[in-house]
Amino acid sequence: MHYLRRACFPLVVLLTLPLHEGHGQELLRQRAPRFVLHLFSKYEHVIMRTIDYLASTAWIHDHAFTKRLVDGISNGVIRFINGEILDLEESRQLIAGIADAGYAIAVGTCPCRRARNKISDTVPNNTDMVFGRWAEEYLDNYPGLYTRISREEALGLVESFDSHGFIHQIYGFPLRERASYVLCNCDRDVCIPMQAHRKRGYAAFRKGRSLAAVDAGACLGTDECGRCIERCPFGARVAVAGKAVVVGDDCYGCGLCVTTCRGKATRLERKLGAQLIFARDLVD
Ligand code: SF4
Ligand code: SF4
């Protein structure tokens with residue numbers, strides 16, 4: 001591990017070098033050198049495929065040595081690229097803030113879908129929403145796959161992704177807070193970080209800053225409805241005495257149970273002192 005850390009050090013230095021974005025107020029703080037953005041955007045699906053293989057191959061995790069090695073590599077990658085959960089309103093604010101500051105927004109096919117060859121006929125595939133210089137790189141690398149979109153188109157899309165039960169996650173660079181690169185809108189059955197999280201407990205993304213809370217009186221009952229239980233990607237909604245309750249420790253604050261609640265019985269409550277890391281400058 002010592003040698004691995006030493007080998008990674010020059011990369012850390014390169015990634016933290018300041019490079020000005022060209023906007024008066026630098027809101028996205030995407031300071032990685034251009035060649036890093038270029039390589040990451042071009043080969044992201046290969047990186048995702050590798051993570052998928054490492055997280056889902058049983059023999060690797062059955063042997064102490066290979067498990068330790070893969071866990072070390074995975075945790076190293078997570079130190080460079082990490083996500084945090086946003087709810088729909090936060091995602092809307094983020095998009096509006098980015099568009100209003102004059103940054104490019106583009107959307108293209110989810111790299112996890114590409115990596116796993118899971119292109120769907122029934123749900124949207126183009127859910128990867130990229131910003132600023134990161135967007136320009138994807139538009140250059142994948143002209144057929146990524147499209148430049150307007151503020152209003154982006155706002156419409158994020159709402160539609162929410163209605164499909166896709167989880168909004170802003171990904172950034174943990175060594176430099178406030179650096180937002182991409183808003184993933186994740187299908188829980190396709191998302192590779194989600195699978196790695198479920199299968200191996202890798203902390204590829206952080207919880208959002210809110211928790212779901214339910215007004216039991218307004219809940220229509222799990223026999224009559226139960227939509228929130230089906231919708232929650234983290235298994236944090238369960239039936240107790242015919243009503244749907246929240247298991248607080250398991251809740252990631254994604255808000256999908258709020259936007260789907262038929263009885264308008266569910267709301268999000270902000271956790272005391274909780275702050276966003278990557279989207280802090282863009283969301284109230
Ligand atoms: S979606 Fe709302 S109304 Fe339906 S079971 Fe859940 S809390 Fe109750
Ligand atoms: S209970 Fe589940 S669906 Fe609702 S906010 Fe928490 S994690 Fe999201």
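Predicted model: local features only at pLDDT ≥ 70, side-chain atom pairs only at ≥ 80, totals over all residues.
Residues are numbered from 1 along each chain as its sequence is written, and chains are lettered from A and ligands numbered from 1 in the order in which they are written.

The chain contains 11 helices and 11 strands, where helices (H or I, at least four residues) and strands (E, at least two) are DSSP runs numbered from the N terminus. Its C-alpha atoms fill a box of roughly 55 × 50 × 40 Å along the principal axes. The radius of gyration, taken over C-alpha atoms, is compared with a globule rule of 2.2 Å times the number of residues to the power 0.38; for 284 residues a compact globule would have a value near 19 Å, and the chain, with 19 Å, agrees with this. Among contacts with a separation of 6 or more, 73% join residues 24 or more positions apart, two residues being in contact if their C-beta atoms, placed from the backbone, lie within 7 Å.

Of the 284 residues, 38% are buried, a term used if 20 or more other C-beta atoms, placed from the backbone, lie within 10 Å of the residue's own. Strand S1 (residues 82–86) is largely enclosed by the rest of the structure, because five of its five residues are buried. The burial concerns both faces of S1, with Asn82, Glu84 and Leu86 on one side and Gly83 and Ile85 on the other. Strand S6 (residues 180–186) is likewise mostly covered, with seven of its seven residues buried.

Strands are said to pair if DSSP finds at least two bridges between them. S1 pairs with strand S5 (residues 167–172) in the antiparallel sense over five bridges, and asparagine 82 has glycine 172 of S5 as its bridge partner. With strand S7 (residues 205–206), S1 pairs in the parallel sense over two bridges, where glutamate 84 is partnered by arginine 206.

Conventions. Buried ≥ 20, exposed ≤ 12 C-beta atoms within 10 Å, placed from the backbone.
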